[in-house]
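Subject: Structure handover

Hi,

Here is the structure for you to look over. My notes come after it.

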Amino acid sequence: MKIYGIKTCGSVKKAMQFFKDNGVDFEFVDFKKESIGCDKIESWLQKTTINLLFNSKGTKYKMLKLKDLNLDDEGKKQWLCKENMLIKRPVIEYKDDVIVGFDEENYKKIFL
């Protein structure tokens, strides 16, 4: 299992703590140290939706004034490829699935 995110993100911290508390092994990939390319984003979009993966509530989205652009799905995907901080966190690759965001109840159903 791999968790993608940044160490300072509250949701990523909660997810990693959940897995540590429940003895679930994982590998962590930090967006700030290892850029996520278009190939990886394309593979995630085979298993989740662009609206779930694209973080339109974060600081980076607001700083870049992306709301003004009225992005369609392709536009959102292009922005995710060039600006990883727009990816909603955490992104978890587990078995053949992709889980986006932190939801403790959902995690209990999937991982425990």
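This is a predicted model: local features need pLDDT of at least 70, side-chain atom pairs count only at pLDDT 80 or more; totals for chains, interfaces and linings use all residues.

Residues are numbered from 1 along each chain as its sequence is written, and side-chain values use heavy atoms, with hydrogens and water left out.

Salt bridges. The count is seven (a side-chain nitrogen of Lys or Arg within 4 Å of a carboxyl oxygen of Asp or Glu). Glu42 pairs with Lys77, with the closest N and O atoms 2.7 Å apart. Glu42 is in helix H2 (residues 38–45) and Lys77 in helix H5 (residues 73–82), so this bridge ties together parts 35 residues apart in sequence. Helices here are DSSP runs (H or I, at least four residues), as are strands (E, at least two), numbered from the N terminus. Lys77 is buried, at 16% relative accessible area, while Glu42 is partly exposed at 33% (buried is under 20%, exposed over 50%, partly exposed in between; 1.4 Å probe, protein chains only). Asp96 bridges to Lys47, at 3.1 Å between the closest N and O atoms. Asp96 is exposed at 61%. Lys47 is partly exposed at 39%. Lys60 and Glu83 also meet in a salt bridge, 4.0 Å from N to O. Shared partners join Glu42, Glu74 and Lys77 into one network.

Aromatic rings. There are 10 aromatic pairs (rings of Phe, Tyr and Trp, its six-membered ring, with centres within 6.5 Å; planes under 30 degrees apart are stacked, over 60 edge-to-face, the rest tilted). Phe18 and Phe19 are edge-to-face, at 5.4 Å centre to centre and 80° between planes. Both Phe18 and Phe19 are buried. Tyr94 and Phe111 are edge-to-face too, with centres 4.7 Å apart and planes at 70°. One aromatic cluster holds Phe18, Phe19, Phe26, Tyr94, Phe102, Tyr107 and Phe111.

The largest pocket has a volume of about 170 Å³. A pocket is an open set of points on a 1 Å grid over the protein atoms alone, where a 1.4 Å probe fits, with protein on both sides within 12 Å along at least five of seven lines; lining residues have an atom within 4 Å of a point. The volume is the space filled by probe spheres set on the points, which are joined across faces, edges and corners. Its lining includes Cys9, Asn51, Lys88, Arg89 and Phe102.

Best wishes
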